[in-house]
Amino acid sequence: MTRPGTRTLILLAVVAFFAATAVTFSVGTEGDVLEYRKMAEAAPGTPDRDVGSAYTGRFALHYGVGLLAEATPLSVNGAYVAAWLVVAIALLAVLCALLSRTGPVPFAVGLALVVLNPYLLRGSATGMGTVQDLVFVLGLALCVLGLLRVRPAVVLAGLVLGILGRQSALLVAPAAALWMAFADDW
């Protein structure tokens, strides 16, 4: 088991390496981000332009970012950065909780695999307007934490967050239900 001080040092080292080697941090201005920005910029009203049907399942999350921008001095870009930071920090906290019962080497490797993955934090850091992908992963991580710690409320919170991020998290619910029904701990 890794001591808390050691875990903190490993976490700081991995995050520092991530920050030092990240190519760029940006909200993004192309592709899917354009559709998501329509939703965010419309808050608290409704979009005055059509939003593609493939994006409407993620409406609540991006509309929430727009409401954050509306309720604070933040711009829509600033609200996306704030949302990304909150979700990234929450994901790191859940990941540390998942890895807390391992030794220092598995803790460091597990943390580095997630934080330095080019498609997760790095990818979303260059396009923070796609924060829903990070919310999806946070939801799945919370669900797994809840399953391992036998915490139904955490499993449910993880599923809700995951579904808010991507509708494909709906497929996780039956698997989680089977785990809860048949796992010895449950």
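**Helix packing and local features of the predicted model**

Helices α2 and α4 are roughly perpendicular to each other, because angles of 65 to 115 degrees count as such and their axes cross at roughly 105 degrees. The model described here is a predicted one. At the crossing, the two axes come within 10 Å. In general, two packed helices are described by the angle between their axes and the distance between the axes. On the α2 side of this contact stand Tyr36, Arg37, Ala40 and Glu41, and they meet Val76, Asn77 and Tyr80 of α4. Sorted by class, the residues of this contact are 4 nonpolar, 1 polar and 2 charged.

Arg37 lies in helix α2, which covers residues 32–42. Is Arg37 buried or exposed? With a relative accessible area of 17%, Arg37 is buried, because the cut-off for that word is under 20%. The side chain of Arg37 also has a polar partner: it makes a polar contact, at 2.3 Å, with the side chain of Asn77. Asn77 is one of the α4 residues already named in the contact with α2.

Most peptide bonds are trans. Ala43 and Pro44, however, are joined by a cis peptide bond, with omega at about 10 degrees. Pro44 sits in the loop between α2 and α3, the latter being residues 59–71.

Helix α3 comes next. As background, an α-helix has 3.6 residues a turn, so residues three or four places apart point the same way.

His62 gives a close-up view of this packing. This residue of α3 has 0% relative accessibility and therefore counts as buried. The side chain of His62 makes a polar contact with the side chain of Tyr80 at 2.8 Å. Leaving aside neighbours within four places in sequence, His62 is in contact with Tyr36, Met39, Ala40, Tyr80, Gly129, Val131 and Gln132. Tyr36, Ala40 and Tyr80 are also among the residues through which α2 and α4 meet.

Helix α4 itself covers residues 76–99, and Ala90 is found in it. Ala90 counts as partly exposed, because its relative accessibility is 28%. The C-alpha atoms of Ala90 and Val135 are separated by 9.5 Å, although the two residues are 45 places apart along the chain.

Attention now turns to α7. What angle do α7 and α9 make as they pack? Helix α7 (residues 131–149) and helix α9 (residues 172–182) pack at about 10 degrees, and their axes are 11 Å apart. That angle makes the two helices roughly parallel, because the limit for that description is under 35 degrees. From α7, the residues Leu140, Cys143, Leu147 and Leu148 meet Val172, Ala176, Trp179 and Met180 from α9. By class, this contact has 8 nonpolar residues, with no polar and no charged ones.

What follows α7? The next residue is Val150, whose phi is positive, near 55 degrees. As a rule, most residues other than glycine have a negative phi. Val150 is placed in the loop between α7 and α8, where α8 is residues 152–165. With a relative accessible area of 26%, Val150 is partly exposed.

Gly162 is buried, because its relative accessible area is 0%. Its C-alpha atom is separated by 6.7 Å from that of Val137, a residue 25 places away along the chain. Not counting residues up to four places away in sequence, Gly162 touches Val135, Phe136, Gly139 and Ala169.

Conventions
Residues numbered from 1 in each chain as written. Predicted model: local features only at pLDDT ≥ 70, side-chain atom pairs only at ≥ 80, totals over all residues. Heavy atoms only, no water. Axes fitted to C-alpha atoms, helices over the stretch in contact; angles between N-to-C directions. Helix = DSSP H or I, 4+ residues; strand = E, 2+ residues; numbered from the N terminus. Parallel < 35°, antiparallel > 145°, perpendicular 65-115°, else oblique. Contact = heavy atoms within 4.5 Å. Nonpolar A, V, L, I, M, F, W, Y, C, P; charged D, E, K, R; others polar. Buried < 20%, exposed > 50% of the residue type's maximum accessible area, 1.4 Å probe, protein only. Polar contact = N/O pair within 3.5 Å; in protein donor to acceptor, adjacent residues only side chain to side chain.
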